[in-house]
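Reader: Hi! Could you walk me through this one with me?
Author: Happy to, here it is.
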Amino acid sequence: MHEHYKSVSPTDDIAAVKTENRHQAKKQRYVRKEGNCNVVFRHVPEEWLLFVTDIFTTLVEIRWRVMFLIFALSYILSWLFFGILFWVIALAHGDVKDHTNDPCVYEVRSFTAAFLFSLETQTTIGYGFRGMSENCMIAIIIVTVQDVTSCFIDTFVIGIVVAKMASARKRAQTVGFSNCAVINLRDGYLCLSWRVGDFRRNHLVEGTARAQIVRSTMHATGKMDVTYEDLVIQQRDIILVTPTTICHRIEPGSPLYKMSLVDLRKADFELVVSFTYTDDSTGMLHQTRTSYTPAEILWGQLFQEMIRVGRRRYRVDYILFNRTAKVLVPEMNAEEYEHKKQLRPSPRHSPRSLTRPSPRSQRQNQENLLKLPIVTVELVNDGQPEPTVSTSSADKHQDTLTLPNDLTSTDL
């Protein structure tokens, strides 16, 4: 029976696992290992308008260096804009040429002074050297508008920074999947398994696991079709206190039911797995994703146990998170394995029990054993052959008895 079992891995040099398409060009992933989708959108109608309409989400999703540049420019440009306005007011009121008249803004008689006054007003520095006067109503209105604008810019910047620091993507990086998936026997069934774990100490709430087989087909016309097939997971809802192995039983209805080891090496698909959960610290919903190619699905491997029981608490060794061990697994697909398992005799019955007679024959044998034998005695003369007594039973067996010569009929 062991000749049907073999432990293999993608790196082993097994002649029986050689495929015909091993020289094909490497295909790009649909979902990268870190969880980002490998998709680029082009020629989106009114793309810039969409980004500007949802400016808050746009600023949250951009990189930090771009965000810092935008925020610095927003402050500098606002200072410059209102500084130009104050300089224009000083020119119109004659404060630049005539130093004897009452100015609109004290000590603002050049563009540099106007820019510094704008900066001091918006940042509420208040050196006490430059200030407003009651001579120009337009200057008072511009100062009021600048103060309100400064409050909006500060609120916007603080909100964007806080939202970006509390982004769900950063929390999702602390929940990870194993580098590979494995196929092994569990409870007599072929199962596909992968491991998920949380690297932080605070626990998660309401975690749900999901898996899909993604296939992309290129037609001769250049059309690309992407299909999705859901995998049934044995235990979808998980409280991720310790690293957990998520299992999919390969049974009828599974996309992997008719896929053997050789078929797996030839297959062209991508296993996309995700784990959606709620953080108990912030109450935010997060999702962690990754993908496995057929080369990353190890046939005949089992994840090593990484949880140890101590005297006071459980200990988890994350060094063993991605480590696997080889086990005996049939190379055939799940359909053939189930068929051979049904044809195999059960070890609880002996071979003699397979030839057990029917109940009718057992009843006839019991009746034959209960019947009494019939004895027949024949009298013969001396010249004739010796008489015999035949004992006949229901099974037609006869026994011969010889009578002595001195036995007469009277004695009989």
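Reader: Is Glu229 buried, exposed or partly exposed?
Author: Glu229 is partly exposed, at 30% relative accessible area; that class sits between buried (under 20%) and exposed (over 50%), using a 1.4 Å probe and protein chains only. This is a predicted model, where local features need pLDDT of at least 70, side-chain atom pairs count only at pLDDT 80 or more, and totals for chains, interfaces and linings use all residues. Residues are numbered from 1 along each chain as its sequence is written, and side-chain values use heavy atoms, leaving out hydrogens and water.

Reader: Which residue does Glu229 form a salt bridge with?
Author: Arg215, with the closest N and O atoms 3.1 Å apart. A salt bridge here is a side-chain nitrogen of Lys or Arg within 4 Å of a carboxyl oxygen of Asp or Glu.

Reader: How many salt bridges turn up in the whole structure?
Author: Six. Among them, Arg29 and Glu296 meet at 2.4 Å, N to O. Arg29 lies in the segment before H1 and Glu296 in the loop between strands S11 (285-292) and S12 (297-299), so this pair ties together parts 267 residues apart in sequence.

Reader: What about Arg130, buried or exposed?
Author: Arg130 counts as buried, at 18% relative accessibility. Its side chain meets that of Glu120 in a salt bridge (3.1 Å, N to O), and Glu120 is buried at 9%.

Note on methods
Helices (H or I, at least four residues) and strands (E, at least two) are DSSP runs, numbered from the N terminus.
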